[in-house]
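Morning, everyone. I'll take you through one protein, starting with a sheet and then stepping back to the whole chain.

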Amino acid sequence: SIYEMFGNECCLSTGEIIKIIGFKINKLIASICENNEVSRFSAKVELPLNFPGLYKVVADKTPYVSIEEITRKVSIGPTRFGHPCFYSLEDIKLANLTIKHGEQITFNSVEEVNGTMAVNCGVVRNNQSHSFTLPLSQEGKFYECEDDQIYTLKEIAEWKIPKCRNRIVKLSNTLHTWDSSNPLPENFDGCLILTPVYEVQAVMKFRKDIVHILSDLDVEVKDVTDCYDISSFLQPLSLEDVFERTSKEFPMVAEIMEGPSGSQKPYNLLHTGKEIVIYKKYQAARVLASEIRSDSPKRHFLIPMSYKGKFKRRPREFPTAYDLELARSEKEQLHVVATKAFDSPHKELFSVSVGDQFLVQQCQTSEVLYEGRKKVIDVLACEQILSDTYKKVLLPMYMEGGFVEVIHDKKQYQLSEICKEFRLPFNVKVSVRDLSIEEDVLAAVPGLQFEEEITDSYLLISSTNSPVESWEIPVYRLNMSVHLLSRDVQTVVPPVTKTTVEEISEEQYYMVRRYENQTLHPPPRPPKKPT
């Protein structure tokens with residue numbers, strides 16, 4: 001049989017040995033969902049895995065009858081997606097713990113415990129985590145818990161569609177304006193039933209790339225696993241697989257089996273067949289930055305601490321007096337101009353006019369008269385700047401106005417200085433570009449907001465044939481497969497690391513912020529008007 005896949009022709013000859021290394025969802029068939037069923041008026045549409053948007057997963061109403069069925073059908077693994085949650089309809093009594101019915105159980109990993117396959121699980125009670133194992137033989141009725149996270153379609157396809165089941169998702173954020181090429185109805189914000197279409201991933205003895213075979217290809221095959229030496233085949237590894245290796249196994253030499261897409265350096269150098277040295281794995285800090293602009297879409301960047309350019313400050317905007325309090329620092333006095341008028345309902349507090357200038361002092365409380373009764377509310381003490389003097393005023397913390405910062409600081413800052421001296425978010429523009437980067441993408445952006453400092457997983461790599469520079473490549477944002485070569489690394493010390501500013505997509509931006517913030521409490525809200 002000769003077939004074509006992704007523009008590449010592949011021949012499957014009679015008698016050829018193929019090693020199946022995995023199954024992967026190639027695309028999704030979507031139908032509009034009403035009351036957990038396909039709508040009578042819905043046409044089926046085909047969605048590629050890179051279809052834009054963020055989605056919430058709707059919990060499956062069909063129970064699993066054993067732990068073994070869950071491990072067979074649901075993805076459980078070491079990454080941040082691989083920890084599904086279930087609850088049991090009945091209490092589960094263990095040696096030193098009873099899991100109550102309806103209690104959320106997190107499935108962390110599958111491993112052998114005392115000769116029996118089991119799942120490492122956890123429950124949280126009174127902010128304390130309790131770990132335990134459940135054998136695969138454990139029976140009952142187990143239901144999926146509600147999931148409040150948001151995912152891209154690609155993440156849902158890889159982690160959130162159980163084998164032999166469909167998945168209902170709710171559109172959370174389209175991220176892109178609708179156009180006529182969009183297969184979904186305009187302004188659609190409902191639920192979709194996703195039916196996966198699979199492909200088989202395989203390696204062949206005399207090919208160095210991964211072969212993708214559609215699951216509906218009409219080819220007859222026979223299982224010869226028990227009578228063939230499968231060690232003669234290449235073993236593809238994803239970047240996640242490489243990252244899970246122990247630190248003692250680095251450095252290592254690998255050949256790329258599937259390279260990433262993209263024209264950004266170094267991704268454009270990582271093509272199929274290229275040999276690379278992977279020196280080490282580690283966590284590295286990045287500053288998440290977004291372009292300052294009123295219209296959409298904005299560009300987003302991850303900036304390494306090694307960035308050698310310099311920045312000048314740009315004015316920040318504050319929608320409420322409460323935001324002024326959050327931005328206030330001991331290092332310097334915050335000077336702002338009002339861009340929106342505010343009429344105070346209390347004579348004890350100040351009414352603001354457009355153009356009023358203030359020096360922000362501190363948060364305090366004040367007694368006001370409200371409907372004939374005295375009330376104590378939070379206020380922001382400021383000094384109003386007049387032509388020849390200063391006037392002490394109080395602004396209600398709930399005040400919804402508008403303020404723009406007045407910048408007196410003309411200094412140029414390194415990235416590390418900003419992270420050390422100021423509280424993020426922080427507005428800047430590049431004043432001196434990084435000359436070590438061939439094309440500094442940040443220099444062309446008129447204004448940037450540094451949003452937060454994050455930590456991410458990276459591999460340090462270089463080319464084997466010309467190891468004059470090394471690059472950090474992100475483990476979880478780069479779709480790339482390699483196989484390890486059994487030969488020694490010529491030089492264990494990596495060459496100088498090139499600074500790379502990574503531009504990320506809108507979906508990746510939301511994912512990065514989600515991972516960073518999922519363990520934090522939501523920010524406090526501004527105080528409301530007294531009632």
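A definition to begin: two strands pair if DSSP finds at least two bridges between them. Strands here are DSSP runs of E of at least two residues, helices are runs of H or I of at least four, and both are numbered from the N terminus.

Now the ground rules. This is a predicted model: local features need pLDDT of at least 70, side-chain atom pairs count only at pLDDT 80 or more, and totals for chains, interfaces and linings use all residues. Residues are numbered from 1 along each chain as its sequence is written, and side-chain values use heavy atoms, with hydrogens and water left out.

So, the sheet. Strand β7 pairs with β14, residues 139-144, in the antiparallel sense, over two bridges. Look at Ser-66: its bridge partner in β14 is Glu-139.

Which order do the strands take in this open sheet of six? The order is β7-β14-β8-β11-β12-β13, with antiparallel pairing. The edges are β7 (64-66) and β13 (128-135). Each has a single partner strand, so one side of each is left without a neighbour in the sheet.

Now the whole protein. It has six helices and 33 strands. The C-alpha atoms fill a box of roughly 95 × 60 × 55 Å, taken along the principal axes.

How many of the 531 residues count as buried? The figure is 43%, where buried means under 20% relative accessible area with a 1.4 Å probe, protein chains only.

Last, contacts, meaning heavy atoms within 4.5 Å. Take those between residues at least 6 apart in sequence: 68% join residues at least 24 apart.

Definitions and conventions. Buried < 20%, exposed > 50% of the residue type's maximum accessible area, 1.4 Å probe, protein only.
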